[in-house]
Amino acid sequence: MTGDIEDFPALNPLPCYKVDVEDGMVYVSIQQRDLMYSSRYSRLIIPTPSYKTDETFVVIGGGPAAAICLEYLRRFGFTGRLLAFMKDAELPYDRTRLNDNLAVDVNTILLRNQEFYDQMRAEVFLSTSVVHMSAKDKTLVRSDGGVTSFDKVFIATGCEAKRLSQDVPGAMDAIGGDIAYAPLHPYFNTTTTGSHYQIAQVHGKTAASNMLGKPEPLKTIPFINVSLGEINLQYAGWIKNVDNVEIIGSLNEMKFAAYYMVGDKATGIVTCRLPGLASKFAESIHMEKYVQRHALHDHAWSQHLFTCDVHDRDMDYDLDLDKLREMGLVPFHIKHCSWWKLEEHHRDFIFENSINPPKRLSQDVPGAMDAIGMFYLRTPSDANAIYAALNEDLDLVVVGSSYLAMEMAVSCLPHVNSLTMISRSAYPFHKVFGQVLGRRLLNFYKDKGIIMRTSVKVVKVEMNPDTLAMTGIILSDDSIIRTQMVIVCVGDTFATRFLKGSGVEMTPEGAVPVDQYLTTNIPTEQNG
């Protein structure tokens, strides 16, 4: 047992100590200096150099993929010059923490502090972006006008928040993070972009290994946690292009496991109030012990997550559940525990079949660029500004139905007078989780007092012509919502404009196709 990371999103390995048992006593050996640190990697230990070189490696980007790549280049033994150019004014931080903590102090969510990067001899340039790169000449032009030469580069610039008024038509050694159109675990047999914290971390480690000539293919299982106030949704696997869904538990009570099926095999899972089950599913795929349809019951019940002795695939849904409870046949906290085969939902089970590009808007929205009261969330300063603008008299509008929008709504609700959500989809998470869960989540939000306006879009922002203060928005059904503040969460655009003309191949949407080693169409030293 080493405690080392097998897969992300864990940032630090578990501490391990020498343990001896003598005469019935357990003795744990630990160095006193290690007691000063909360984790194994709080104090960086550079391993014995295994890649001695005078080369210069550059990392472009300031998210988790960039941070992990920097760290693992040193851990894997790289001794050359290591540069990082980050557009943000802050060191890499956990962006997922912004949604539910708008008043956050960025220093509390940094992945690593400045001392850590100083120890690893990484030269980090904040508030510095790359405006052009030449793969042929191996040079890049920085936003401050300087030019940097490199031997190898890892590009992990991620995405930028899409503006409500935009209609964006699509806009080496290694590409990673949100912008990489890359393979997942071979089990899923798919290639996609993934704006997921955990996938970005995997890309960072994989890129570091491959830049050092140690081929390591991508082999990760997506894992996402969505915080919706008092409940969390956990998603593991891949849930696009599925045939149907099998649900065990209770959608009504928001305690369930939804298995997404392709034929007889489960390729993904979404759980609610069942901690550990999504992780167990991911572990099963990692160990090549794939979950089949006939084994779903055993998988869900294996950790005693449901304590129910009644299980009948053909259970009559019209049974008097109160009577069953009185008879002691059904636990009080579970309304039913039968399999929902969901034939009645199958034809409506819709997923977006695409390479997961950023969501597009069909037209410019008049007033969106000028009105005071339009907010976007991308940085800690954005989060702080949103928090400062909230007040108990505010009628707030959140535009979007993505992870960010749904988490944002729950976070803001206690601080405002009313909250309305605007969604172009019929249900929240419609293109992510499908219609069945989307319908239940729609009702969940309505029950919280959130006004849900679905299947509409914003076509105009109204404002006071003298002060430019927002006064309302007009929707595609000609209805008007009076509001002084709108938070826009309509998707992202790939931050890859600087790659145009660089020689690096891109998709029309701005993503960068890569192979299982995260290498682009530009030949590199590690793969000849």
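Glu-71, Arg-75 and Arg-112 are linked in a network of salt bridges. A salt bridge here is a side-chain nitrogen of Lys or Arg within 4 Å of a carboxyl oxygen of Asp or Glu. By this rule the count comes to twelve.

The model is predicted: local features need pLDDT of at least 70, side-chain atom pairs count only at pLDDT 80 or more, and totals for chains, interfaces and linings use all residues. Residues are numbered from 1 along each chain as its sequence is written, and side-chain values use heavy atoms, with hydrogens and water left out.

**Salt bridges**
- Arg-112 pairs with Glu-71, with the closest N and O atoms 2.8 Å apart.
- This pair links distant parts of the chain, 41 residues apart: Arg-112 lies in the loop between β4 (81-85) and α2 (114-119), Glu-71 in helix α1 (residues 64-75). Helices (H or I, at least four residues) and strands (E, at least two) are DSSP runs, numbered from the N terminus.
- Arg-112 is buried at 7% relative accessible area, and Glu-71 is buried at 3%. Buried means under 20%, exposed over 50%, partly exposed in between (1.4 Å probe, protein chains only).
- Asp-144 bridges to Arg-142 at 3.1 Å between the closest N and O atoms. Asp-144 is exposed, at 52%.

**Helix α4 and what follows**
- In α4 (residues 277-286), the buried residues include Leu-277, Phe-281 and Ile-285.
- Seen down the axis of α4, its buried residues fall within an arc of 155° (taken from the directions from the helix axis to the C-beta atoms), so they line one face of the helix.
- Just after α4, Glu-288 takes a positive phi of about 60°.
- Glu-288 also meets Lys-219 in a salt bridge (3.9 Å, N to O). Lys-219 is partly exposed, at 39%.
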